[in-house]
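Colleague: I'd like to learn how to read a fold like this one. Can you walk me through it, feature by feature?

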Amino acid sequence: MPSYKLTYFNGKARAEPIRYMMELKGISYEDHRIESGKWPELKAKIPLGQVPILEIDGTPCPQSRALFRYMAREHGFYGSSAMEQLHVDVVCETVDDLWPGVYAIFGAEGDEKKSELRKKMADEGAMKHISNLEKLLKKNNGGSGWFVGDKVTLADVMAFNMIYDLLPFVLSMKEGEFDLKEHDLLKAFVERFKAQDKIADWIKNRPVTSF
Ligand SMILES: N[C@@H](CCC(=O)N[C@@H](CS)C(=O)NCC(=O)O)C(=O)O
């Protein structure tokens, strides 16, 4: 097993899927959270001046999505055939369809504009993509298990991270509070993912962060 050091700000956002996969496989890694004031110095030293960075045996590697796929390939979260890999990618792309709405809220100027966009996203903007995710979930075993095959894959990790961590954060809610409305299969999926012993432990014990 290589040595792993994950560097990110003290938050979940683009780093948490890596942490979920590390935790699920019981992989030992250094979870380095940048101390305030240390960022400018670090930024100048790392490959693209951005985080997350995963140091693999001392080599610093950037780009979160590349790192998610690396973790998936190396640690058994990418299905067991090219077809399953394709299905995993389809789910990940569908999760990514939610990002433009997330960015719009980040980029909006003024509290009034932000709350207007938050309301739009929670009421309708996110729902088209949430329904698509539920359709994909349902295609595998009627939606009673995981998104692809019969084991947890990157697809589950990314869907959970978006619904449980990212959407509540951007909509100014507490983690896990995003209202999935009538999407009962997805609600059950979130509960199922969260109930895995290693994830339950991680969520209970992880640092409490504002994002
Ligand atoms: N495409 C990159 C984007 C990375 C990115 O924008 N990271 C932000 C934190 S979420 C960052 O490093 N911001 C500080 C900066 O650019 O100075 C990825 O997915 O890793």
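Colleague: Where does UniProt put the feature "domain: GST C-terminal"?

Modeller: UniProt positions use the numbering here, with shortened feature names, and annotations may be inferred rather than shown by experiment. In this case, an unreviewed UniProt entry places "domain: GST C-terminal" at residues 81-211. That span, 81-211, is 69% helix and 0% strand, and its end C-alpha atoms lie 35 Å apart. The annotation "domain: GST N-terminal", also from an unreviewed entry, covers residues 2-79. Residues 2-79 come out as 35% helix and 21% strand, with 22 Å between the end C-alpha atoms.

Modeller: Before going on, this is a predicted model: local features need pLDDT of at least 70, side-chain atom pairs count only at pLDDT 80 or more, and totals for chains, interfaces and linings use all residues. Residues are numbered from 1 along each chain as its sequence is written.

Colleague: What is the strand order in the open sheet?

Modeller: Helices (H or I, at least four residues) and strands (E, at least two) are DSSP runs numbered from the N terminus, and two strands pair if DSSP finds at least two bridges between them. Here 4 strands form an open sheet in the order 2-1-3-4, with mixed pairing. Strand 2 (30-33) and strand 4 (59-61) are the edges, each pairing on one side only. Strand 3 (residues 53-56) pairs with strand 4 in the antiparallel sense over 3 bridges, and Glu 55 stands opposite Pro 60 in strand 4.

Colleague: Which residues surround the ligand?

Modeller: A residue counts as near a molecule if its C-beta atom, placed from the backbone, lies within 6 Å of it. The ligand's surroundings are Ala 13, Arg 14, Lys 43, Gln 50, Val 51, Pro 52, Gln 63, Ser 64 and Arg 65.

Colleague: Why does Pro 52 count as buried?

Modeller: Buried means 20 or more other C-beta atoms within 10 Å of a residue's own; exposed means 12 or fewer, and partly exposed is in between. Pro 52 counts as buried because it has 23 C-beta neighbours inside 10 Å. You'll find Pro 52 in the loop between helix 2 (39-43) and strand 3.

Colleague: And how many residues does the largest nonpolar core have?

Modeller: Such a core is a set of buried Ala, Val, Leu, Ile, Met, Phe, Trp, Tyr and Cys residues joined through C-beta atoms within 7 Å. The largest one has 50 residues, and Val 91, Leu 154, Ala 155, Met 158 and Ala 159 have the most contacts inside it. Helix 8 (154-170) is among the elements that supply at least two residues each, and helix 8 gives the most, with 13 residues.
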